[in-house]
Every structure is written in structure tokens, then in C-alpha cells.
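I opened this notebook to record what I looked up in the structure below.

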Amino acid sequence: MKEIKYVIKDEVGIHARPAGLFVKAAGKFNCMIKMKKDTADVDAKSILGIMSLGVKKGDEITITFDGSDEAEASDTITAFLVENL
Amino acid sequence: MGFMEKLGLNNREKELIIGSPMKGEVCPLTEVNDPVFGEKILGDGLAIKPLAGRLVAPVNGTVGMLFDTKHAISLISEQGTEILIHVGLDTVNLKGKFYKSFVKTGDKIKEGDLLLEFDMEQIKAAGYDVITPVIICNTAAYSEINPITGKRVEELEKILIIKK
């Protein structure tokens with residue numbers, strides 16, 4: 001299991017476009033990926049799931065990876081967050 | 001969802017018909033000038049060029065998420081279909097201006113309930129395309145998503161047939 005934390009810098013947070021791109025990136029991996037904000041956690045491979053967190057600028061999200069390709073997934077998602085959010 | 005529905009015992013139960021959430025012209029997603037929709041990154045579906053500034057519930061279900069900016073809403077039908085309706089392109093940047101909502105996240109909705117009103121002319125004048133993608137976000141749960149495009153529809157007129 002791997003875990004990363006990230007504070008959102010994008011002005012509009014995780015709306016439809018970043019949610020779609022995030023899920024596309026996350027969907028390439030076999031490991032279970034979850035996104036958590038405060039106490040709510042969701043399947044990070046579900047577009048509506050991650051949009052339902054209502055993540056905004058300044059919010060901290062925690063993403064966990066659990067499975068055989070967790071290290072690679074964690075690296076890819078970290079790069080995605082830095083580039084897009 | 002009940003046990004019998006999960007089994008999908010016959011074709012009638014497997015097929016879902018979704019009506020239009022607005023009056024407008026129905027076109028394929030590939031006509032949407034935004035790769036997130038045009039390349040179906042959010043899922044398969046269609047787009048509507050609105051002819052009136054009203055959005056109604058196309059299904060019975062629940063409001064999954066209404067964005068603070070009111071430009072997009074996700075719905076979860078009683079059958080578990082995840083529908084995202086995004087009113088206009090890049091309209092997140094309007095921060096709610098020109099949009100008025102009549103529901104909130106978590107509300108139960110019935111087919112035909114008013115969800116949003118929006119001022120098409122003001123949105124266009126601000127430089128945005130009002131084309132409205134209607135996306136099935138859990139596309140992978142279905143074997144077929146068949147949009148009925150190329151026609152002008154009234155609210156709740158059939159626009160999409162999906163099969164499990």
C-alpha cells in the first residue's frame with residue numbers, strides 16, 4: 001500500500017475535465033486506487049465518485065494505492081497531479 | 001437494484017431508454033469542440049444544442065453532485081446509470097453566473113423535475129459555447145450506448161438507448 005497527499009492548486013478544483021483525465025490515468029493500473037477528502041473516500045477510477053468529493057482549490061486530498069502495480073501508479077498519479085491540479 | 005434486475009432476466013429489463021433533459025438539437029459527441037467530451041474521456045453519450053434555457057431530470061433517481069458553479073450536474077438513475085450533464089463548454093469559469101439551480105446534491109428527482117435554468121444568450125455573449133454534453137459516466141457497465149442524433153427534440157423525448 002502506498003499513499004500520497006496533495007493540496008489542490010488549480011483555481012476551479014476537480015471539475016469534469018480533470019476528473020475525466022484523472023480516471024483515464026488511474027484506469028490504466030490494476031491496483032485499487034482510492035481518493036479521500038476529509039472523511040469521505042471514493043473509488044478513484046469512478047468519474048462521478050471523485051467529482052462527488054467536490055474538491056476545491058486549497059483542499060488536501062489523500063490517494064491510496066493497493067496492489068501489484070502500486071509503485072508505478074503512485075508515480076504516474078503524482079506526476080498527473082503536479083501537471084494538472 | 002433488486003435481485004431480479006441484477007440478473008437481467010430478459011432484454012426488456014436490460015434496455016434503458018433515456019429522454020432529453022432539454023429542448024434542443026441532438027448531435028454526436030464527436031461534434032463537441034472539446035477533446036474531453038469529443039474523445040469520450042468522460043464516457044459515451046451525445047450532445048444537445050439547447051433551444052431553451054431549462055434543464056430537467058431525464059430519469060428518476062438522485063442528484064449525485066451539483067457543482068457549486070451550477071454548470072454541471074451528475075445524476076444516478078434508479079437503475080444505477082451515472083449521467084453527467086455539462087451545460088456549455090468551459091463554463092466552470094463563469095462561477096455560477098447565468099445559472100440558477102432548483103435542486104441540490106443528494107436530492108431525489110423524478111423524470112421531468114426542473115434541475116437548472118440558464119441564460120443562453122448571456123452565456124453566449126460571454127464567449128462560451130452552450131452545447132451540452134450528456135454523458136454516461138459508467139459506460140463500461142453497458143454493452144451498447146446508442147444515441148439518437150440528428151434531430152430536434154422536446155424535453156423528455158427519447159435520445160439514448162443503452163443496453164447492459
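I count a salt bridge where a side-chain nitrogen of Lys or Arg lies within 4 Å of a carboxyl oxygen of Asp or Glu. I note that the model is a predicted one.

Entry 1, salt bridges. I found 15 salt bridges over all chains. I looked up B:Lys40 and found it paired with B:Asp44, with 3.4 Å between the closest N and O atoms.

I then turned to B:Glu155, which forms a salt bridge with B:Arg54 at 2.9 Å, N to O. This pair links distant parts of the chain, 101 residues apart: B:Glu155 sits in the loop between strand 13 and strand 14 of chain B, and B:Arg54 in strand 4 of chain B. B:Glu155 is partly exposed at 29% relative accessibility, and B:Arg54 is partly exposed at 32%.

I also recorded a salt bridge between B:Asp107 and B:Lys104, with the closest N and O atoms 3.1 Å apart. B:Lys104 is exposed, at 54% relative accessible area. Shared partners join A:Arg17, B:Asp34 and B:Asp90 into one network of salt bridges.

The largest nonpolar core has 46 residues, and A:Phe22, A:Ile33 and A:Met35 are among the members that touch the most others. Helix 1 of chain A gives this core its largest share, six residues. Apart from this core I noted another of 35 residues, including B:Leu46 and B:Val59.

Key: Residues numbered from 1 in each chain as written. Chains lettered and ligands numbered in written order. Predicted model: local features only at pLDDT ≥ 70, side-chain atom pairs only at ≥ 80, totals over all residues. Heavy atoms only, no water. Core = buried A, V, L, I, M, F, W, Y, C linked by side-chain atoms within 4.5 Å. Buried < 20%, exposed > 50% of the residue type's maximum accessible area, 1.4 Å probe, protein only. Helix = DSSP H or I, 4+ residues; strand = E, 2+ residues; numbered from the N terminus.
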